[in-house]
Amino acid sequence: MRALLWVRVLNQAGAFALAFLAVVAGPHLVTPVLTVFGAAALVSRWAGGVLLDRVRPRTLVVAGLAATGVALLALA
């Protein structure tokens, strides 16, 4: 349970970092970046629900966190 809690905290910190980076990037990029971020969040949650019926939950969580890490590294 503690591991899941820390994974969730880390996940939310990553989500906050993306929104914060959009604001720091400048006023002309805030709207497009936050729009893409919101759309990606909506699609990823829907896809996670669909995939949860087909993939083991642990595998899905690991894949989701890995994808988040890769996306954050791509932004850096």
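Helices here are DSSP runs of H or I with at least four residues, and strands are runs of E with at least two.

Let me begin with the overall picture, and then go through the helices. Starting from the N terminus, the elements follow one another as α-α-α, and the C-alpha atoms occupy a box of roughly 40 × 25 × 20 Å when that box is taken along the principal axes. The chain has 76 residues, of which 5% count as buried, and its accessible surface amounts to about 6100 Å², with 76% of that area belonging to carbon and sulfur atoms.

As for confidence, the average pLDDT over the chain is 81, and 93% of the residues score at least 70. If we look element by element, α1 has the lowest mean value, 75, whereas helix α3, which spans residues 57–75, has the highest, 84.

Now to helix α1, which covers residues 2–25 and contains F20. Looking across to S44, which is 24 residues away along the chain, we find that the C-alpha atoms of F20 and S44 are separated by 20 Å.

Moving on to helix α2, this element runs over residues 27–52 and includes A47, and F37 lies in helix α2 as well. Both of these residues fall into the partly exposed class, since the relative accessible area is 28% for F37 and 25% for A47, and the class takes in what lies between the 20% and 50% cut-offs. Their C-alpha separations from other parts of the chain can be given one by one: F37 and A15, which are 22 residues apart along the chain, have C-alpha atoms 8.8 Å from each other, while for A47 and V70, which are 23 residues apart along the chain, the C-alpha separation is 18 Å.

Here the database record can be set beside the model. An unreviewed UniProt entry carries the annotation "transmembrane region" for residues 29–47 and 59–75.

Finally, helix α3, where A74 is located. Which accessibility class does A74 belong to? A74 counts as exposed, because its relative accessibility is 64%, and the cut-off for that class is over 50%. Between A74 and V36 there are 38 residues of separation in sequence, and their C-alpha atoms are 15 Å apart in space.

To draw this together, then, we have a predicted model whose elements run α-α-α, in which 5% of the residues count as buried, and in which the mean pLDDT of the elements is lowest in α1 and highest in helix α3.

Definitions and conventions. Residues numbered from 1 in each chain as written. Predicted model: local features only at pLDDT ≥ 70, side-chain atom pairs only at ≥ 80, totals over all residues. Heavy atoms only, no water. UniProt positions renumbered as here; feature names shortened; annotations may be inferred. Buried < 20%, exposed > 50% of the residue type's maximum accessible area, 1.4 Å probe, protein only. Areas by Shrake-Rupley, 256 points an atom, 1.4 Å probe, with all protein chains shown as cover. pLDDT = per-residue confidence, 0-100.
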